[in-house]
Amino acid sequence: MDGVQNLPPHVQGQFMQNLEQMQMKDSLTMYNNLVERCFNSCVSSFRSKSLDKYETSCVENCASRYIKMTQRVGLRFAEHQAMQQKRAADAMGAGK
Amino acid sequence: MNSLFGQKEEKPAGPDPLFAATTEMEMYTHLFNNMAAACFEKCSSRKHKEPDLALGEMSCSDRCVSKYLEAQEKVGVVLQKANEAQALQQKNLADMQNALGGR
């Protein structure tokens with residue numbers, strides 16, 4: 001993340017503010033997408049106005065699994081980024 | 001953004017560094033969201049009987065992340081080559097037009 005790491009100090013405050021706003025928007029978007037995804041997966045009949053117990057547990061499980069998978073993906077992604085940065089740092093060190 | 005287009009270094013020389021950093025952050029956010037969605041679609045069963053991930057689903061998601069990032073690199077290389085080819089084509093066209101206009 002070169003652009004982020006090499007950011008000059010006088011714009012870092014503004015960047016943190018932008019980052020906060022982005023994170024807020026992103027969590028709302030994720031919430032909406034999650035609801036749509038789990039609804040599409042779990043709900044297929046419209047005989048009644050409310051969710052039956054199977055649909056309820058399906059939706060809850062779906063949300064829980066998605067969150068767990070997102071956490072795991074985030075972990076692996078961070079590992080991958082760290083490995084890449086290490087490789088880049090090693091390559092730069094070897095070049096000197 | 002050294003992981004964006006096949007490990008090539010890109011210096012944000014011209015554009016505003018705040019804009020570059022914000023755009024880079026947005027790009028990583030989109031990458032993460034798309035990756036999580038794709039891996040969930042490919043790796044988790046539709047039944048959703050349990051609130052926890054099964055062992056097979058967990059190892060599937062690990063491999064999914066690795067493959068997704070590798071695919072991203074390869075697509076980046078293809079895109080970069082296409083951009084270079086297009087730039088070369090435009091340069092040739094401009095040269096030709098200059099040559100014609102010089103008569």
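## Polar contacts and salt bridges

A polar contact is a pair of N or O atoms within 3.5 Å; within protein, one must be able to donate a hydrogen and the other to accept it, and residues adjacent in sequence count only if both atoms are side-chain atoms. In this predicted model, 17 residue pairs, both at pLDDT 80 or more, are in polar contact between chain A and chain B.

The interface of chain A and chain B also holds five salt bridges (a side-chain nitrogen of Lys or Arg within 4 Å of a carboxyl oxygen of Asp or Glu). Glu57(B) forms a salt bridge with Arg65(A), with the closest N and O atoms 2.9 Å apart.

## Extent of the interface

Chain A contributes 35 residues and chain B 41 residues to the contact (heavy atoms within 4.5 Å). About 3500 Å² is buried between the two chains, 64% of it from carbon and sulfur atoms; this is the accessible area (1.4 Å probe) that two parts lose on being put together, summed over both. Arg65(A), Met69(A) and Phe77(A) supply 22% of the area that chain A buries against chain B, more than any other three residues.

## Architecture of chain A

Chain A has three helices and zero strands (DSSP runs, H or I of at least four residues for helices and E of at least two for strands, numbered from the N terminus). Its C-alpha trace spans about 70 × 30 × 15 Å along the principal axes.

## Basis of the values

Residues are numbered from 1 along each chain as its sequence is written, and chains are lettered from A in the order in which they are written. Local features need pLDDT of at least 70, side-chain atom pairs count only at pLDDT 80 or more, and totals for chains, interfaces and linings use all residues, while side-chain values use heavy atoms, leaving out hydrogens and water.
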